[in-house]
Amino acid sequence: MGIDTASTIPPAASSEALRKAMVDTLRSWGGVRTAAVEAAMRAVPRHLFVPEASLERAYGPESVVTFRDEDGVAISSASGPGVVAAMLEQLDVRPGDRVLEIGAGTGYNAACLAELAGPSGSVTTIDIGPEIVEEARRGLAAAGYDRVLVRHGDGADGHAANAPYDRIIVTAGAWDAPPSWREQLAPGGRLVVPLRIRGVTRAVALELDGQVWRSVSIEECGFMPMRGPGAVEELNLELPPNRGVRIRVDDGRPVDVDALASALDASPVLAWSGVVVPWKPLVHLDFWLAGASAEVCRIIVLSRVREAGLVNPIYSWGSMGCYTSDTFAYLIRRPAPSEDGQEMVELGACAYGPDGQRLAAEVTGRVRAWGCSRDMLAGLRIEVHPAGSPNLPAMITADRRHSRVFVIIGPA
């Protein structure tokens with residue numbers, strides 16, 4: 001979720017002007033919906049949590065990476081303001097609430113939580129990275145939020161010492177909902193977590209019904225994965241030899257990068273779905289791809305490979321897609337006649353590899369299934385049941401160590 005404040009920011013603007021423009025823009029398109037979240041984001045000086053970034057970048061639309069691992073992969077950041085606002089709205093913190101944040105990051109989100117909980121509430125934030133913990137403490141102290149308790153530990157265990165919590169928010173991609181989160185949540189409480197399901201991530205607001213988590217809202221988002229003993233590694237693999245195409249997968253699925261690199265030597269196979277839609281947003285289309293027989297992935301495309309003739313993916317960064325042992329396919333688009341001045345596109349698929357015809361046809365079939373179901377998207381919901389629970393009539397079922405995750409479309 002990005003915001004563009006460029007048109008509202010005067011040259012050499014102060015941090016106050018930049019913060020005002022950021023929140024004004026979020027309010028204008030509905031990223032900020034409530035007075036409480038608006039007041040919190042207007043109050044917290046975001047730039048103090050990312051001191052090495054310029055003011056324009058601190059208050060800009062994108063996340064600000066603050067730590068990378070030894071391979072250069074980002075492991076911590078200040079999330080983009082649109083994502084922060086959306087998840088704060090989902091969490092619905094009330095004055096006096098006890099809040100646990102899993103993933104301290106820069107401390108910015110914890111400061112917003114402290115504003116929402118007020119002096120009668122409390123905020124505890126925990127992170128597995130000791131250097132991230134120190135950075136969060138520094139930022140919170142600089143901004144005057146010393147009342148936030150910052151702890152080092154594995155967020156999968158929660159923080160029992162301050163439980164129970166009225167609200168728990170997770171700010172990293174999670175594959176599971178460990179028992180500690182349920183055990184440490186007060187009756188009537190709410191959990192907001194970016195759940196990873198078959199390669200798709202959604203920020204899901206969940207409330208407990210007995211032992212079952214049921215969604216009350218779902219937002220599209222992207223997050224770095226949780227780390228720790230229970231985490232599932234996200235793989236970002238470049239197809240050799242330096243082909244300019246990366247494949248991103250999770251859930252521990254196998255990838256034969258050499259075979260997929262060889263697929264690029266074949267001519268592309270294009271297939272068109274006949275589904276014509278307004279250009280962006282393509283709400284929940286990736287869930288329909290996750291219902292294919294192939295594995296779901298993200299295809300990340302560098303500019304040089306486009307220049308060399310690779311068929312353009314649907315977005316500037318790449319596209320959602322599917323892959324098998326030796327073939328991959330991703331979404332593409334082409335212009336369609338506009339309607340009432342609105343830009344329209346037809347969706348299709350491009351496949352590379354020996355099974356290209358079949359995989360392109362399967363992807364376009366999933367697009368058609370999505371197109372036929374778009375009037376039911378408001379009824380899409382996610383339920384998290386204990387591991388070993390009986391099957392439900394779900395579009396997607398994902399088994400985890402502690403849970404079974406169901407993505408369901410249709411009446412409750």
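**Close-up views of loops and helices**

**View A. Pro-164 is found in the loop between strand 5 (149-152) and strand 6 (165-170).** The model shown is predicted. A cis peptide bond joins Ala-163 to Pro-164. The omega angle of this Ala-163 to Pro-164 bond is about 5 degrees.

**View B. The loop between strand 10 (235-238) and strand 11 (245-249) contains Pro-241, and Asn-242 is found in the loop between these strands as well.** The peptide bond from Pro-240 to Pro-241 is cis, and its omega is near -10 degrees. At Asn-242, phi is positive, near 55 degrees, in a residue other than glycine. Asn-242 has a relative accessible area of 55%; Asn-242 counts as exposed because this value is over 50%.

**View C. Lys-280 is found in the loop between strand 12 (269-278) and helix 9 (285-289).** Lys-280 is a residue other than glycine with a positive phi, near 65 degrees. The relative accessible area of Lys-280 is 48%.

**View D. Leu-18 is found in helix 1 (residues 15-29).** The relative accessible area of Leu-18 is 0%; because this is under 20%, Leu-18 counts as buried. In sequence, Leu-18 and Glu-56 are 38 residues apart. In space, the C-alpha atoms of Leu-18 and Glu-56 are 7.2 Å apart.

**View E. Helix 4 (residues 81-91) and helix 5 cross at roughly 40 degrees.** The axes of the two helices come within 11 Å, and helix 4 passes helix 5 in a right-handed crossing. On the helix 4 side, Val-84, Leu-88 and Leu-91 take part in the contact. They meet Tyr-108, Asn-109, Cys-112, Leu-113 and Leu-116 of helix 5. By class, this contact of helix 4 with helix 5 has seven nonpolar residues, one polar residue and no charged residues.

**View F. Helix 5 (residues 108-117) is mostly covered.** Of the 10 residues in helix 5, nine are buried. The buried residues in helix 5 include Ala-110, Ala-111, Ala-114 and Ala-117. Tyr-108, Asn-109, Cys-112, Leu-113 and Leu-116 are also among the buried residues of helix 5, and these five meet residues of helix 4. Gly-118 follows helix 5 and has a positive phi, near 75 degrees.

View G. Helix 6 has 14 residues and reaches 20 Å from its first C-alpha to its last. This span is close to the 20 Å expected at 1.5 Å a residue. Which residues of helix 6 are buried? They are Ile-132, Val-133, Ala-136, Gly-139, Leu-140 and Ala-143. Helix 6 is followed by Gly-144, where phi is positive, near 85 degrees.

How values were computed. Residues numbered from 1 in each chain as written. Predicted model: local features only at pLDDT ≥ 70, side-chain atom pairs only at ≥ 80, totals over all residues. Heavy atoms only, no water. Helix = DSSP H or I, 4+ residues; strand = E, 2+ residues; numbered from the N terminus. Expected span 1.5 Å × (residues − 1). Buried < 20%, exposed > 50% of the residue type's maximum accessible area, 1.4 Å probe, protein only. Axes fitted to C-alpha atoms, helices over the stretch in contact; angles between N-to-C directions. Left-handed = near helix turned anticlockwise from the far one by under 90°. Contact = heavy atoms within 4.5 Å. Nonpolar A, V, L, I, M, F, W, Y, C, P; charged D, E, K, R; others polar.
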